[in-house]
Every structure is written in structure tokens, then in C-alpha cells.
Amino acid sequence: MREKIVAGNWKMNKTFTEAEELMHQIADGLEQMEEDKVGVILCPPAIYLEMAIDISEESSFFVGAQNISEHESGAYTGEISAPMLASLNIDYCIIGHSERRKYFEENDELIGRKVAVAIHNNITPIYCCGEVLPERQAGNHLEVVKMQLEKAVFILPPSEFSNLIIAYEPVWAIGTGVNATPEQAQEMHAYIRRLIGAKYGQDIAHQMTILYGGSCNASNAGALFSQPDVDGGLIGGASLKAEEFLKIIQSV
Ligand code: PEP
């Protein structure tokens, strides 16, 4: 059975003490829940990763980074490499988020190199794809996501591709308060799974975790996660409040 996952993308939010408090609140909530059917991943800003690893040792959540360099080491001021993340025992990394594509001009080729370097260092990429609003309005959303997958991750051999988590995040839904409907999410997730099946075979397609992201909250998570091909969520804004995030985890 494929893994159900809820991951929180904190983006560039929280001071050190706020981050510490939120991590403890989530850890406490998870302990009370005794939730074992869903994997929980916290992706705080890089400066808090070490603290997150320390707190996770007493809890059941995993830790992910929000970005990674395509290079393994060297003169790249400000960057953080895959071996550095691996040396902190970071298990996951968000790669290809629409904010990195938009504000940092990351394209599918660069994203593909980041995915590869993460996998080679035993870090599971949470690979994000999704269309912008004009592409959805023009009815091109399936084609756009297909192209993103083909350029960035369908270049991987099966043994590496099967290490990925995919997050479908329609860009028009991120941070807007307008989520994809459960039907829209299911249409895309089933399509992605069909593409994976055609490329890598049914076994890999069936075991692949495909998350939904975009204005997912405690009110709409249940309906989204009840879709057969939606295996959990990548949560932005709603992951910054422990109570809301814990409710989303319970909706899986
Ligand atoms: C995200 O940034 O990955 C995201 C899903 O954001 P939000 O939940 O705030 O729409």
C-alpha cells in the first residue's frame, strides 16, 4: 500500500522561538494522536533544520528542507548542498515549488538536476508541479503538468524515480484561498498516475505517493484526501498553526 503523507511547507515564516514552539506543539499533538497511518513531514526554513531534527528525535515527524543546491560543494555563497542536508539526517526536500520557479527563475532542467542530486544523497524529493491560471483556463493543465514531469523527473531511471514523492500544486490555488475541487485534484492525480504507469509500469505507478497542495485546510482536507488518487497534502499557510495542521493530519 502506498504511503499517506502530510507535509508542512513553512516557507519564510517564524522566528526561532516561534518555530521552536510550533514544532513542540505539533510533536505534542502527534503524541496524543498516536497517528501511525500517515507520515508527517515538517519543512521549516533551513536555519531551523537542526532544531527540527533534535525535536523530531522525540517525536514521530520527519524533517524536510525547502530547497537544495544542484551542486554538491564549492564556491556557491548562500547555497546549501545535498551532502550537508544528509549530514543532518534530513530525509526530504521540496524541489520545484512554484515560488522557486517564479521568484528564483528555476526551470525544469535545473529542477531535474536538483532532484537527481537529492536522490543521489538519499534525500527524497517532494517534486512539485502544477499549472498557472491561464493554462487551466485554456484547458492546457494536463499537458503543462505532463511537460513538467517529462523534463524534470521522467528522465530518471526507475530505481531512482520510485524514490520520489510528487506534489500536484496548481499555482492558482497556492496561498489564494481557492483550492482545487476534489474532482479537479482527482482528475490530475489520476492522470499523473497514468503517465507514471505508461513510463515506469503499473507497480511503480500504484505505489507512488501523490500529494495535493494549494489552499488545503482543515475544512477541505477531508474531501480532497478522500479521492482515490490523492495520498495526502503539501500544506503551506495552514501548516503554521498547530491545531489546524493536526486536524489536516487527522483528515487523511
Ligand atoms: C505551498 O506553498 O506549497 C502551499 C500549498 O501553500 P498554501 O497551502 O498556503 O496554498
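User: Before we start, what am I looking at, and how are the residues numbered?
Analyst: It's a predicted model, where local features need pLDDT of at least 70, side-chain atom pairs count only at pLDDT 80 or more, and totals for chains, interfaces and linings use all residues. Numbering runs from 1 along each chain as its sequence is written, and side-chain values use heavy atoms, with hydrogens and water left out.

User: Why is V145 called buried?
Analyst: Its relative accessible area is 0%. Buried means under 20%, exposed over 50% and partly exposed in between, using a 1.4 Å probe and protein chains only, so V145 at 0% counts as buried. V145 sits in helix α7, residues 141-152; helices here are DSSP runs of H or I with at least four residues, strands are E runs of at least two, and both are numbered from the N terminus.

User: What makes N89 worth a look, and why is it called exposed?
Analyst: Its phi is near 70 degrees, a positive value in a residue other than glycine. Most residues other than glycine have a negative phi. N89 belongs to the loop between α3 (82-87) and β4 (92-95), and its relative accessibility of 52% is over the 50% line, so it counts as exposed.

User: How do you know whether E105 is buried or exposed?
Analyst: Its relative accessibility is 68%, so exposed is the label. E105 also has a positive phi, near 50 degrees, and lies in the loop between α4 and α5 (108-120).

User: What makes the R193 to M208 pair a polar contact?
Analyst: A polar side-chain atom of R193 lies 2.7 Å from the backbone oxygen of M208. A polar contact is a pair of N or O atoms within 3.5 Å; within protein, one must be able to donate a hydrogen and the other to accept it, and sequence neighbours count only if both atoms are side-chain atoms. At 2.7 Å, the pair passes. R193 is in helix α9, residues 182-200, and is buried because its relative accessibility is 8%.

User: Which residues hold on to the ligand's oxygen atoms, going by distance?
Analyst: A polar side-chain atom of H97 is 2.7 Å from a ligand oxygen, and one of E169 is also 2.7 Å from a ligand oxygen. A polar backbone atom of G236 lies 2.8 Å from one. The protein covers 95% of the 290 Å² of accessible area that the ligand has on its own, areas being Shrake-Rupley values with a 1.4 Å probe. Around the ligand are 14 residues, with K11, H97, E169, G175 and S215 coming nearest; "around" means a heavy atom within 4 Å.

User: What makes the largest cavity a cavity, and which residues line it?
Analyst: On a 1 Å grid over the protein atoms alone, a cavity is a set of points where a 1.4 Å probe fits but cannot get out; a pocket is an open set with protein on both sides within 12 Å along at least five of seven lines, and lining residues have an atom within 4 Å of a point. The search finds one cavity of 30 Å³ or more, and the largest has a volume of about 40 Å³. Its lining is G96, S98, R101, C128, C129, G130, E169, V171 and I174, with α4 and β5 (124-129) as the elements giving two or more residues.

User: How many residues line the largest pocket, and which element gives the most?
Analyst: The lining has 22 residues, with M12, Q66, N67, R100 and F104 nearest the centre. Helix α4 (residues 98-103) gives the most, three residues. The pocket holds about 560 Å³ of space.

Terms used
Points joined across faces, edges and corners; volume = space filled by probe spheres on them.
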